[in-house]
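Thank you all for making time this morning.

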Amino acid sequence: MYNEILHQDKIILPQMSFWACHGALPQERTEKQEFKLYVEMFLDTCEAAESDDLADTVDYGQTYLMIEKIMQGEHHNLLESLASEIAHALLANELVQAVTVRLEKCAAPLAPRLKAPAIVEINRTVADYGL
C-alpha cells in the first residue's frame, strides 16, 4: 500500500483545445465547436527519471496526437462517451495505471440565455476496462 501511495506520479496535459463535431443535436453533427480537454495520467515515473529515456515514460507528443485523432474521429452524442473513449485509449499504454479526463464543451446549448460550458470529468483505472 505504501508503494502505491508513494508512486502516484502524474503526467498532465492541460488546456488542450480542439474544434470538432460532437453532441446530441442535429447541428452538432455538422458544425464544429470548441472543446477543451484536461488529462492526468497516473504512472510511476521512477524508471524514466533514472534513465532519462523517453522510452521509459509516456510520450506526451504522441499522446496529444492520439487524443486529436479521437476528437476528430467518430461522432459522439455524449461527452461521457467521448471522455470514456479517450480514457480507454490512454490506459492502453501499459505504463498508465489511472487517468482523469476532463472534457469541456465550450458553447454547450444549455439554455437560450446561459452561455456556459458543459463539463464532464471521469476517473478511470486499468481495472475499469479490464486492461
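This is a predicted model: local features need pLDDT of at least 70, side-chain atom pairs count only at pLDDT 80 or more; totals for chains, interfaces and linings use all residues.

Residues are numbered from 1 along each chain as its sequence is written, and side-chain values use heavy atoms, with hydrogens and water left out.

The protein chain has four helices and four strands, where helices (H or I, at least four residues) and strands (E, at least two) are DSSP runs numbered from the N terminus. Along the principal axes, the C-alpha atoms of the protein chain fill a box of roughly 55 × 25 × 25 Å. Of the 131 residues in the protein chain, 37% are buried; by that word I mean under 20% relative accessible area, with exposed meaning over 50% and partly exposed in between, using a 1.4 Å probe and protein chains only.

Now to the charged pairs, and how many salt bridges are there? The count comes to three, if we take a salt bridge to be a side-chain nitrogen of Lys or Arg within 4 Å of a carboxyl oxygen of Asp or Glu.

One of them joins E40 and K10, whose closest N and O atoms are 3.5 Å apart. Because E40 sits in strand β2 and K10 in strand β1 (residues 9-20), this pair ties together parts that are 30 residues apart in sequence. E40 is buried, at 12% relative accessible area, whereas K10 is partly exposed at 43%.

Another salt bridge brings together the side chains of K105 and E28, at 2.9 Å from N to O. Here K105 belongs to strand β3 (residues 98-105) and E28 to the loop between β1 and β2, so the parts tied together are 77 residues apart in sequence. K105 is buried at 8% relative accessibility, and E28 is buried with a relative accessible area of 5%.

The remaining pair to mention is R102 with E121, whose side chains meet in a salt bridge of 3.9 Å, N to O. Since R102 lies in strand β3 and E121 in strand β4 (residues 118-125), this contact ties together parts 19 residues apart in sequence. R102 is partly exposed at 36%, and E121 is partly exposed at 46%.

Let me finish with some individual residues. Q33 lies in strand β2, which covers residues 33-43, and Q33 is buried, with a relative accessible area of 10%. A polar atom of the Q33 side chain lies 3.1 Å from the backbone oxygen of H22.

Lastly, please find D53 in the loop between α2 (46-51) and α3 (60-72); at 39% relative accessibility, D53 is partly exposed.

Conventions: A polar contact is a pair of N or O atoms within 3.5 Å; within protein, one must be able to donate a hydrogen and the other to accept it, and residues adjacent in sequence count only if both atoms are side-chain atoms.
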